[in-house]
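This briefing sets out selected features of one protein model for computational work.

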Amino acid sequence: MNVGIMGCGAIASCITDFILEGKIDVNVTHYYDLNDDNALILADKIGAKVAHTLDELIENTDLIVESAAQVAVKNNVPKILEKGVSVLIMSVGALMDKSLHTQLYQLAKENNANIYLPTGAITGIDTVQAAQLGEITSITLTTRKPPESLDVDLEEGEERVLFDGKASEAVKLFPKNINVSSTLSLASGIDVDVKIIADSKINQNTHEIHLKGTFGELVTITSNNASSNNPKTSALAAYSAASLLNKLNKTIRIGS
(Lines give C-alpha, C1' and ligand atoms only; values in the text may rest on other atoms or scores of the structure.)
Protein backbone atom coordinates (compact mmCIF):
# COMPACT_ATOMS: atom_id res chain seq x y z
CA MET A 1 0.00 0.00 0.00
CA ASN A 2 1.42 3.37 -1.06
CA VAL A 3 0.90 6.06 1.57
CA GLY A 4 0.98 9.82 1.01
CA ILE A 5 1.16 12.51 3.68
CA MET A 6 -0.63 15.85 3.35
CA GLY A 7 0.78 18.42 5.75
CA CYS A 8 4.45 18.11 6.68
CA GLY A 9 4.61 19.24 10.29
CA ALA A 10 5.08 17.49 13.63
CA ILE A 11 2.97 14.41 12.88
CA ALA A 12 4.53 13.81 9.45
CA SER A 13 8.00 14.22 10.99
CA CYS A 14 7.22 11.65 13.67
CA ILE A 15 5.95 9.09 11.15
CA THR A 16 9.04 9.64 9.02
CA ASP A 17 11.39 9.19 11.98
CA PHE A 18 9.66 5.94 12.97
CA ILE A 19 10.12 4.62 9.43
CA LEU A 20 13.80 5.52 9.54
CA GLU A 21 14.20 3.81 12.92
CA GLY A 22 12.45 0.67 11.68
CA LYS A 23 9.70 0.96 14.28
CA ILE A 24 6.88 0.86 11.73
CA ASP A 25 6.53 -0.87 8.38
CA VAL A 26 4.82 1.81 6.28
CA ASN A 27 5.52 2.60 2.62
CA VAL A 28 5.30 6.40 2.45
CA THR A 29 5.95 7.30 -1.18
CA HIS A 30 4.86 10.96 -1.43
CA TYR A 31 4.70 14.08 0.73
CA TYR A 32 2.56 17.13 0.00
CA ASP A 33 2.62 20.52 1.69
CA LEU A 34 1.70 24.06 0.68
CA ASN A 35 5.40 24.75 1.22
CA ASP A 36 7.35 22.38 -1.03
CA ASP A 37 10.46 22.83 1.11
CA ASN A 38 8.74 21.23 4.11
CA ALA A 39 7.78 18.24 2.00
CA LEU A 40 11.24 17.95 0.48
CA ILE A 41 12.99 17.80 3.86
CA LEU A 42 10.95 14.76 4.91
CA ALA A 43 10.91 13.09 1.49
CA ASP A 44 14.70 13.23 1.27
CA LYS A 45 15.03 11.38 4.58
CA ILE A 46 13.44 8.20 3.25
CA GLY A 47 13.89 8.50 -0.50
CA ALA A 48 10.27 9.45 -1.14
CA LYS A 49 8.93 12.01 -3.62
CA VAL A 50 7.35 15.42 -3.30
CA ALA A 51 3.84 15.79 -4.74
CA HIS A 52 3.53 19.35 -6.04
CA THR A 53 -0.27 19.22 -6.27
CA LEU A 54 -3.06 17.43 -4.48
CA ASP A 55 -3.93 15.65 -7.75
CA GLU A 56 -0.39 14.28 -7.95
CA LEU A 57 -0.65 13.02 -4.38
CA ILE A 58 -3.97 11.30 -5.08
CA GLU A 59 -2.79 9.68 -8.32
CA ASN A 60 0.20 8.01 -6.66
CA THR A 61 -1.19 6.75 -3.36
CA ASP A 62 -3.73 4.32 -1.91
CA LEU A 63 -4.10 6.10 1.42
CA ILE A 64 -3.41 9.70 2.42
CA VAL A 65 -2.63 10.90 5.94
CA GLU A 66 -4.20 14.30 6.56
CA SER A 67 -1.99 16.07 9.10
CA ALA A 68 -2.62 19.64 8.00
CA ALA A 69 -5.65 21.42 9.50
CA GLN A 70 -9.43 21.27 9.71
CA VAL A 71 -9.71 23.40 6.56
CA ALA A 72 -7.74 20.74 4.67
CA VAL A 73 -10.33 18.15 5.65
CA LYS A 74 -13.13 20.34 4.32
CA ASN A 75 -11.38 21.43 1.13
CA ASN A 76 -9.33 18.38 0.14
CA VAL A 77 -10.69 15.19 1.67
CA PRO A 78 -13.89 15.09 -0.46
CA LYS A 79 -11.77 15.13 -3.62
CA ILE A 80 -9.53 12.38 -2.25
CA LEU A 81 -12.46 10.11 -1.41
CA GLU A 82 -14.12 10.75 -4.78
CA LYS A 83 -11.05 9.14 -6.37
CA GLY A 84 -11.42 6.04 -4.20
CA VAL A 85 -8.37 6.84 -2.06
CA SER A 86 -8.67 6.20 1.66
CA VAL A 87 -7.83 8.86 4.26
CA LEU A 88 -6.45 8.89 7.79
CA ILE A 89 -7.73 12.09 9.37
CA MET A 90 -5.80 13.78 12.18
CA SER A 91 -7.84 17.01 12.26
CA VAL A 92 -10.82 15.12 13.63
CA GLY A 93 -12.48 18.32 14.83
CA ALA A 94 -13.65 18.98 11.28
CA LEU A 95 -15.98 15.98 11.54
CA MET A 96 -18.04 17.69 14.24
CA ASP A 97 -19.60 19.54 11.30
CA LYS A 98 -22.51 17.17 10.71
CA SER A 99 -22.97 18.04 7.06
CA LEU A 100 -19.28 17.47 6.31
CA HIS A 101 -19.32 14.23 8.30
CA THR A 102 -22.29 12.98 6.27
CA GLN A 103 -20.70 14.07 2.98
CA LEU A 104 -17.42 12.27 3.69
CA TYR A 105 -19.21 9.13 4.84
CA GLN A 106 -21.28 8.97 1.66
CA LEU A 107 -18.28 9.64 -0.58
CA ALA A 108 -16.23 6.94 1.11
CA LYS A 109 -19.07 4.44 0.82
CA GLU A 110 -19.81 5.25 -2.83
CA ASN A 111 -16.16 5.04 -3.88
CA ASN A 112 -15.07 2.01 -1.85
CA ALA A 113 -12.69 4.07 0.30
CA ASN A 114 -12.11 4.06 4.05
CA ILE A 115 -11.81 6.83 6.62
CA TYR A 116 -9.49 6.11 9.55
CA LEU A 117 -9.47 8.11 12.79
CA PRO A 118 -6.56 7.44 15.17
CA THR A 119 -7.23 7.54 18.89
CA GLY A 120 -4.96 10.55 19.26
CA ALA A 121 -3.75 11.80 22.61
CA ILE A 122 -6.28 9.98 24.81
CA THR A 123 -6.79 6.45 26.06
CA GLY A 124 -9.90 4.30 26.42
CA ILE A 125 -11.49 4.83 22.99
CA ASP A 126 -12.05 1.08 22.49
CA THR A 127 -13.96 1.03 25.79
CA VAL A 128 -16.00 4.09 24.82
CA GLN A 129 -17.03 2.44 21.55
CA ALA A 130 -17.98 -0.76 23.36
CA ALA A 131 -19.95 1.20 25.98
CA GLN A 132 -22.03 2.80 23.24
CA LEU A 133 -23.61 -0.61 22.56
CA GLY A 134 -25.26 -0.24 25.93
CA GLU A 135 -26.32 3.13 27.29
CA ILE A 136 -23.92 5.95 28.12
CA THR A 137 -25.40 8.13 30.84
CA SER A 138 -22.64 10.74 31.09
CA ILE A 139 -19.28 11.53 29.52
CA THR A 140 -16.94 14.44 30.18
CA LEU A 141 -13.46 15.52 29.12
CA THR A 142 -11.24 17.86 31.12
CA THR A 143 -8.12 19.03 29.34
CA ARG A 144 -5.26 20.85 31.05
CA LYS A 145 -2.38 22.29 29.07
CA PRO A 146 0.60 24.56 29.75
CA PRO A 147 -0.22 28.20 28.90
CA GLU A 148 2.21 28.36 25.97
CA SER A 149 0.44 25.55 24.14
CA LEU A 150 -2.79 27.54 24.37
CA ASP A 151 -1.18 30.91 23.58
CA VAL A 152 -2.07 32.27 27.01
CA ASP A 153 0.07 34.31 29.44
CA LEU A 154 -0.38 33.34 33.09
CA GLU A 155 1.37 34.21 36.32
CA GLU A 156 3.36 31.46 38.02
CA GLY A 157 1.00 29.10 39.87
CA GLU A 158 -2.06 30.45 38.07
CA GLU A 159 -4.65 28.46 36.14
CA ARG A 160 -7.54 29.66 34.03
CA VAL A 161 -10.62 27.95 32.57
CA LEU A 162 -10.66 28.94 28.92
CA PHE A 163 -13.69 26.93 27.85
CA ASP A 164 -16.57 25.03 29.44
CA GLY A 165 -19.12 23.67 26.99
CA LYS A 166 -19.72 21.18 24.20
CA ALA A 167 -17.06 19.56 22.02
CA SER A 168 -18.73 20.85 18.85
CA GLU A 169 -18.03 24.41 19.97
CA ALA A 170 -14.61 23.68 21.48
CA VAL A 171 -13.19 22.46 18.16
CA LYS A 172 -14.18 25.74 16.50
CA LEU A 173 -12.52 27.90 19.15
CA PHE A 174 -9.45 25.68 19.66
CA PRO A 175 -8.99 23.88 16.31
CA LYS A 176 -5.37 22.86 16.98
CA ASN A 177 -5.74 21.91 20.62
CA ILE A 178 -8.80 19.80 21.25
CA ASN A 179 -9.21 17.23 18.45
CA VAL A 180 -9.41 14.62 21.23
CA SER A 181 -12.88 15.93 22.15
CA SER A 182 -14.07 15.16 18.63
CA THR A 183 -12.66 11.64 18.72
CA LEU A 184 -14.37 11.06 22.05
CA SER A 185 -17.66 12.47 20.75
CA LEU A 186 -17.60 10.36 17.59
CA ALA A 187 -16.74 7.23 19.56
CA SER A 188 -19.53 7.79 22.08
CA GLY A 189 -22.17 9.25 19.79
CA ILE A 190 -22.54 12.16 22.22
CA ASP A 191 -21.48 15.81 21.96
CA VAL A 192 -19.12 15.55 24.92
CA ASP A 193 -18.98 18.10 27.75
CA VAL A 194 -15.53 19.67 27.60
CA LYS A 195 -13.52 21.87 29.96
CA ILE A 196 -10.22 23.39 28.80
CA ILE A 197 -7.85 24.75 31.42
CA ALA A 198 -4.58 26.61 30.96
CA ASP A 199 -2.41 25.65 33.93
CA SER A 200 0.99 27.20 34.62
CA LYS A 201 1.79 24.46 37.16
CA ILE A 202 2.08 21.70 34.58
CA ASN A 203 4.34 20.96 31.62
CA GLN A 204 2.29 18.17 30.03
CA ASN A 205 -0.97 18.06 28.09
CA THR A 206 -3.40 16.19 30.33
CA HIS A 207 -6.75 14.71 29.31
CA GLU A 208 -9.14 13.26 31.90
CA ILE A 209 -12.18 11.27 30.77
CA HIS A 210 -15.14 10.34 32.99
CA LEU A 211 -17.58 7.91 31.43
CA LYS A 212 -20.62 6.27 33.05
CA GLY A 213 -23.10 3.87 31.52
CA THR A 214 -24.84 0.54 31.80
CA PHE A 215 -21.43 -1.18 31.56
CA GLY A 216 -20.17 0.58 34.69
CA GLU A 217 -17.70 3.46 34.96
CA LEU A 218 -14.45 4.43 33.24
CA VAL A 219 -11.97 7.06 34.42
CA THR A 220 -8.77 7.69 32.47
CA ILE A 221 -6.04 10.29 32.80
CA THR A 222 -3.49 10.67 30.02
CA SER A 223 -0.57 13.03 30.62
CA ASN A 224 1.24 13.66 27.37
CA ASN A 225 4.57 15.19 26.59
CA ALA A 226 4.27 17.77 23.83
CA SER A 227 5.75 17.02 20.45
CA SER A 228 9.31 18.27 20.16
CA ASN A 229 8.29 19.95 16.90
CA ASN A 230 5.06 21.60 18.05
CA PRO A 231 3.90 22.35 21.63
CA LYS A 232 0.26 22.33 20.49
CA THR A 233 0.54 18.65 19.48
CA SER A 234 0.92 15.81 21.97
CA ALA A 235 3.59 13.28 21.07
CA LEU A 236 1.05 10.50 21.62
CA ALA A 237 -1.18 11.94 18.88
CA ALA A 238 1.60 11.41 16.36
CA TYR A 239 2.39 7.99 17.83
CA SER A 240 -1.25 6.93 17.42
CA ALA A 241 -1.23 7.88 13.74
CA ALA A 242 1.97 5.92 13.14
CA SER A 243 0.61 2.95 15.09
CA LEU A 244 -2.63 2.90 13.10
CA LEU A 245 -0.75 3.00 9.80
CA ASN A 246 1.44 0.15 10.97
CA LYS A 247 -1.57 -1.85 12.13
CA LEU A 248 -3.12 -1.77 8.67
CA ASN A 249 -0.31 -4.07 7.49
CA LYS A 250 -0.71 -6.57 10.33
CA THR A 251 -2.40 -9.95 10.11
CA ILE A 252 -3.19 -9.87 13.84
CA ARG A 253 -4.60 -6.55 15.07
CA ILE A 254 -5.09 -5.66 18.71
CA GLY A 255 -8.04 -3.38 19.44
CA SER A 256 -9.96 -1.42 16.87
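The structure, a predicted model, holds two aromatic pairs. One of them, formed by phenylalanine 18 and tyrosine 239, is tilted, with 5.3 Å centre to centre and 50° between the planes. This pair links distant parts of the chain, since its members are 221 residues apart.

**Aromatic pairs**

- Phenylalanine 18 belongs to helix α1 (residues 10-20), and tyrosine 239 belongs to helix α9 (residues 235-247).
- Phenylalanine 18 has a relative accessible area of 14% and is therefore buried, the limit for that class being under 20%.
- Tyrosine 239 has a relative accessibility of 42% and so counts as partly exposed, a class that lies between the 20% limit for buried and the 50% limit for exposed.
- Phenylalanine 163 and phenylalanine 174 form an edge-to-face pair, because their planes stand at 75° and the class requires an angle over 60 degrees; the ring centres are 6.4 Å apart.
- Phenylalanine 163 is in strand β8 (residues 159-166), whereas phenylalanine 174 is in the loop between α7 (167-173) and α8 (179-188), so this pair ties together parts that are eleven residues apart in sequence.
- Phenylalanine 163 and phenylalanine 174 are both buried.

**Asparagine 177**

- The loop between α7 and α8 also holds asparagine 177.
- With a relative accessibility of 11%, asparagine 177 counts as buried.
- The side chain of asparagine 177 reaches the backbone oxygen of serine 149, at a distance of 2.9 Å.
- Apart from residues up to four places away in sequence, asparagine 177 touches Lys145, Ser149, Leu150 and Lys232.

**Largest pocket**

- The volume of the largest pocket is about 780 Å³.
- Its lining comprises 33 residues, and those nearest the pocket centre are Tyr116, Leu117, Pro118, Thr119 and Gln129.
- Two or more lining residues come from each of α5 (98-110), β6 (115-116), α6 (125-131), α8 and α9.
- The greatest contribution to the lining of the largest pocket is that of α9, with six residues.
- By residue class, the lining of the largest pocket consists of 17 nonpolar, 13 polar and three charged residues.

**Second largest pocket**

- The second largest pocket has a volume of about 640 Å³.
- It is lined by 32 residues, of which Ile11, Ala68, Lys176, Asn179 and Thr233 are the closest to its centre.
- At least two residues of the lining of the second largest pocket are supplied by α1, and at least two by α8.
- The largest share of this lining, three residues, comes from α8.
- The lining of the second largest pocket divides into 13 nonpolar, 15 polar and four charged residues.
- Helix α8 therefore gives two or more residues to the lining of the largest pocket and at least two to that of the second largest pocket, while nine of its ten residues are buried.

**Helix α8**

- Because nine of its ten residues are buried, α8 is largely enclosed by the rest of the structure.
- The buried residues of α8 are Asn179, Val180, Ser181, Ser182, Thr183, Leu184, Ser185, Ala187 and Ser188.
- These buried residues pack against α4 (70-82), α6, β7 (136-145), α7, β9 (193-199) and β10 (205-213).
- Glycine 189 follows α8 and has a positive phi, near 75°.

- Most residues other than glycine have a negative phi.
- Asparagine 112 has a positive phi, near 55°, although it is not a glycine.
- Asparagine 112 is located in the loop between α5 and β6, and its relative accessible area of 71% makes it exposed.
- Aspartate 151 is likewise a residue other than glycine with a positive phi, near 55°.
- Aspartate 151 is placed in the loop between β7 and β8, and it is exposed, with a relative accessible area of 62%.

Definitions and conventions:
Residues numbered from 1 in each chain as written. Predicted model: local features only at pLDDT ≥ 70, side-chain atom pairs only at ≥ 80, totals over all residues. Heavy atoms only, no water. Phe/Tyr/Trp six-rings, centres within 6.5 Å; stacked < 30°, edge-to-face > 60°. Helix = DSSP H or I, 4+ residues; strand = E, 2+ residues; numbered from the N terminus. Buried < 20%, exposed > 50% of the residue type's maximum accessible area, 1.4 Å probe, protein only. Polar contact = N/O pair within 3.5 Å; in protein donor to acceptor, adjacent residues only side chain to side chain. Contact = heavy atoms within 4.5 Å. 1 Å grid on protein atoms, 1.4 Å probe; cavity = no way out; pocket = protein on both sides within 12 Å on 5 of 7 lines; lining within 4 Å. Points joined across faces, edges and corners; volume = space filled by probe spheres on them. Nonpolar A, V, L, I, M, F, W, Y, C, P; charged D, E, K, R; others polar.
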